[in-house]
Amino acid sequence: MDSADAAAVEEAIARSLQEKAFGILVKPEPQAIQSNTTHTSNPTNNAVVNQADRNEEPSEVSNDNREQQMLGFADLNNAFRAHLTKHDLQVISNPGTGNNCAIYALVQHLRPDLNDSNLDNEVNELRREYDVKNPSDSNDMMLHLDTGVGGAAKTLTRLVNDRYNVNIQVGIVEAGLDAEYPVTSKETISASGASAPFTHHVVIWDQQGHYEAVTARRPSTEETAQSNRTDV
């Protein structure tokens, strides 16, 4: 198998794993925040529930409050990680350098072959393109992956589509506020005016201040061999 064929196979595998994660976390429309549930132990959680009661998306946290928000969600995020493990899903970590975690998460889905400086360079190039279109967000300002006022989702998905000749649909999820519902599906995003069929369905986890890609775990060689023996 030559390098082009090998790359095509790897891309097909990556896309299949992304689709699996999307189907588990986004497609079934996991139960959202319960409007009649109160969480008095955490004021941050109460604020989010109050927003959900009004059928609104929680507003993105400010830079000053991001650390507090992430601390408030620490236990919930741990429960979310456990839920991913239970379903053979995994998080692809990223450094978020330059407040570019949203871009890292998108690029890692579409270019899983990139690592270290090559990945950094690709993310930086997309950030430069974004800043040209949105100069008010330059100087390493945090980019929020949502479609609300000030959100960067539409522009980022359009830039990614153009750069990689794809048409992505992005499911944004976060930790649920109840042990019975460990996942909240926040928003499903695509580029404005993108009418062609989607080429990729990907999941990104909003950790209340940091974004990371989520995909299915690739079976090990031993697991694949065991599955083949079982199928015979």
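This report describes the fold, helices, nonpolar cores and selected residues of a predicted model.

## Overall architecture

The protein chain contains 8 helices and 5 strands. Along the sequence, these elements follow the order α-α-α-α-β-α-α-α-β-β-β-β-α. Of the 232 residues in the protein chain, 44% are buried.

Where contacts join residues at least 6 apart in sequence, 68% of them link residues at least 24 apart. The protein chain has an accessible surface of about 12,300 Å², and carbon and sulfur atoms account for 47% of that surface.

Helix H1 covers residues 3-25. Its 23 residues should span 33 Å at 1.5 Å a residue, and the end C-alpha atoms are 33 Å apart, so the two values agree. The buried residues of H1 are Ala14, Leu17, Gln18, Ala21, Phe22 and Leu25.

Helix H6 has 18 residues and extends 26 Å from its first C-alpha to its last, close to the 26 Å expected at 1.5 Å a residue. Buried positions in H6 are Leu119, Glu122, Val123, Leu126, Arg127, Tyr130 and Asp131. Through its buried residues, H6 packs against H5 and H7.

## Nonpolar cores

The largest nonpolar core comprises 31 residues. Within this core, the residues with the most contacts are Leu106, Val107, Leu145, Leu156, Val160, Val170 and Ile204. At least two core residues come from each of helix H5 (101-110), helix H6 (116-133), helix H7 (153-164), strand S2 (168-178), strand S4 and strand S5 (211-216). The most is given by H5, which supplies 8 residues.

Val160 illustrates the packing. Apart from neighbours within four places in sequence, Val160 is in contact with Leu106, Leu110, Leu126, Asn165, Val166 and Ile168. A second, separate core holds 18 residues, including Ala21, Leu25, Leu76 and Val183.

## His200 and its surroundings

His200 is located in strand S4, which runs over residues 200-206. The relative accessibility of His200 is 5%, which is under 20%, and the residue therefore counts as buried. A polar contact of 2.7 Å joins the side chain of His200 to the side chain of Thr199.

With residues up to four places away in sequence left out, His200 touches Glu11, Arg15, Gln18, Leu110, Val166, Asn167, Ile168 and Gln169. One of these, Gln18, is among the buried residues of H1.

## The aromatic pair

The model has 1 aromatic pair. It is formed by Phe80 and Trp205, whose ring centres are 4.6 Å apart and whose planes meet at 35°, so the pair is tilted. Phe80 belongs to helix H4 (residues 74-86) and Trp205 to strand S4, so the pair ties together parts that are 125 residues apart in sequence. Both Phe80 and Trp205 are buried.

## Residues with positive phi

Most residues other than glycine have a negative phi. Asn99 has a positive phi, near 60°, and is found in the loop between strand S1 (89-92) and H5. Because its relative accessibility is 30%, Asn99 counts as partly exposed.

Gln208 also has a positive phi, about 70°, although it is not a glycine. Gln208 is placed in the loop between S4 and S5. Its relative accessible area is 7%, so Gln208 is buried.

Technical notes: Residues numbered from 1 in each chain as written. Predicted model: local features only at pLDDT ≥ 70, side-chain atom pairs only at ≥ 80, totals over all residues. Heavy atoms only, no water. Helix = DSSP H or I, 4+ residues; strand = E, 2+ residues; numbered from the N terminus. Buried < 20%, exposed > 50% of the residue type's maximum accessible area, 1.4 Å probe, protein only. Polar contact = N/O pair within 3.5 Å; in protein donor to acceptor, adjacent residues only side chain to side chain. Contact = heavy atoms within 4.5 Å. Phe/Tyr/Trp six-rings, centres within 6.5 Å; stacked < 30°, edge-to-face > 60°. Expected span 1.5 Å × (residues − 1). Core = buried A, V, L, I, M, F, W, Y, C linked by side-chain atoms within 4.5 Å. Areas by Shrake-Rupley, 256 points an atom, 1.4 Å probe, with all protein chains shown as cover.
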